[in-house]
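Thanks for coming. Please look at the sequence and the structure on the screen, and I will start with one residue before turning to the whole chain.

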Amino acid sequence: MEITKLLEHLYEAAYIVDENRKILFWNKKAESITGYTKEEIIGKYCFDNILRHVTDSGQHLCHDGCPLFDSIKNNKINEAKVYLHHKKGYRVPVTVKTIPFYDEVDKKRKAIEVFTDIKNDKDLYVENKLLKQEVITDALTQVNNRYFIDYQLETCMREFDSFKTPFGVLFIDIDFFKKVNDQYGHAIGDLVLKAVSKTINLNIRYNDFVGRYGGEEFVVILRNITKEDLYNIAEKLRILIQEIEVNIEDISISVTVSIGCSHYIKPLTKEELIKDADKKMYQAKQSGRNKVII
């Protein structure tokens with residue numbers, strides 16, 4: 001069986017590039033994870049503003065530190081966790097493995113990249129599906145609604161009272177979102193909300209929660225977490241959201257967020273906790289936006 005036929009039968013996403021990183025093959029799973037069909041991809045180059053792999057710190061690997069290029073150049077296998085750009089604009093966490101090989105047919109060096117959606121572990125997918133009941137889900141963004149977030153906050157507070165387990169809250173607000181609605185219309189604004197919420201939901205831990213709390217406001221609950229890790233996760237989300245691009249015909253829309261962090265290590269009411277995170281979010285806005293304040 002030739003290599004492309006073998007790759008088409010994988011459960012993992014896979015594609016092949018030549019030594020110039022021109023994409024020669026793109027399997028069905030790659031279409032499923034990225035939203036891009038093979039007709040849209042084959043013949044283009046992996047650095048052509050398509051997948052736009054970035055790291056936790058916002059490093060753009062397609063132009064600086066590409067694992068595929070390194071595999072071809074140095075004839076070695078690389079593995080990494082990166083965040084690829086979905087066609088709809090949001091960021092997907094994936095594990096990638098790049099494998100070099102020599103094609104005996106056309107006598108050229110090539111490489112395969114195999115990548116897996118971290119969030120799609122089968123058992124966790126089933127668990128998440130059960131949680132997404134209509135009563136606790138925001139209809140537009142499909143993340144949790146305010147009712148569910150309030151309930152989880154009360155649960156975390158009871159756990160703190162019993163076991164002194166710290167947790168944290170992020171209050172996230174999209175910067176200048178009214179301008180997006182005014183300039184492009186509410187339908188486009190809704191697409192931006194979906195891209196932001198999806199990016200947050202895909203890049204927090206499985207035992208954490210995100211919910212839409214208001215129009216363009218989101219609250220994230222991070223359980224059993226230190227103050228340092230609370231800030232680090234908030235900063236990672238800020239970076240990933242600023243890398244979002246929602247493309248509508250010839251229009252490309254990007255946004256940033258301001259994030260306020262509150263670390264729960266002493267008893268507060270739910271209202272006091274949210275107010276504290278909200279206050280810090282406004283401090284982030286007043287100090288220039290696209291920032292994290294803790």
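**One residue, then the chain**

Val-292 sits in strand 12, which covers residues 292–293. Strands here are DSSP runs of E with at least two residues, helices are runs of H or I with at least four, and both are numbered from the N terminus. This is a predicted model: local features need pLDDT of at least 70, side-chain atom pairs count only at pLDDT 80 or more, and totals for chains, interfaces and linings use all residues. Residues are numbered from 1 along each chain as its sequence is written, and side-chain values use heavy atoms, with hydrogens and water left out.

Is Val-292 buried or exposed? Its relative accessibility is 11%, so Val-292 counts as buried. Buried means under 20% relative accessible area, exposed over 50%, and partly exposed in between, with a 1.4 Å probe and protein chains only.

What does Val-292 touch, leaving out residues up to four places away in sequence? The partners are Tyr-231, Ala-234, Glu-235, Arg-238, Ile-259 and Cys-261. A contact means heavy atoms within 4.5 Å. As for Asn-49, it is 243 residues from Val-292 in sequence, and the two C-alpha atoms are 28 Å apart.

Now the whole chain. The protein chain has 10 helices and 12 strands. Its radius of gyration is 21 Å, close to the 19 Å from the globule rule for 294 residues, so the chain is as compact as a globular protein of that length. That radius is taken over C-alpha atoms, and the rule is 2.2 Å times the number of residues to the power 0.38. Buried residues make up 48% of the 294.
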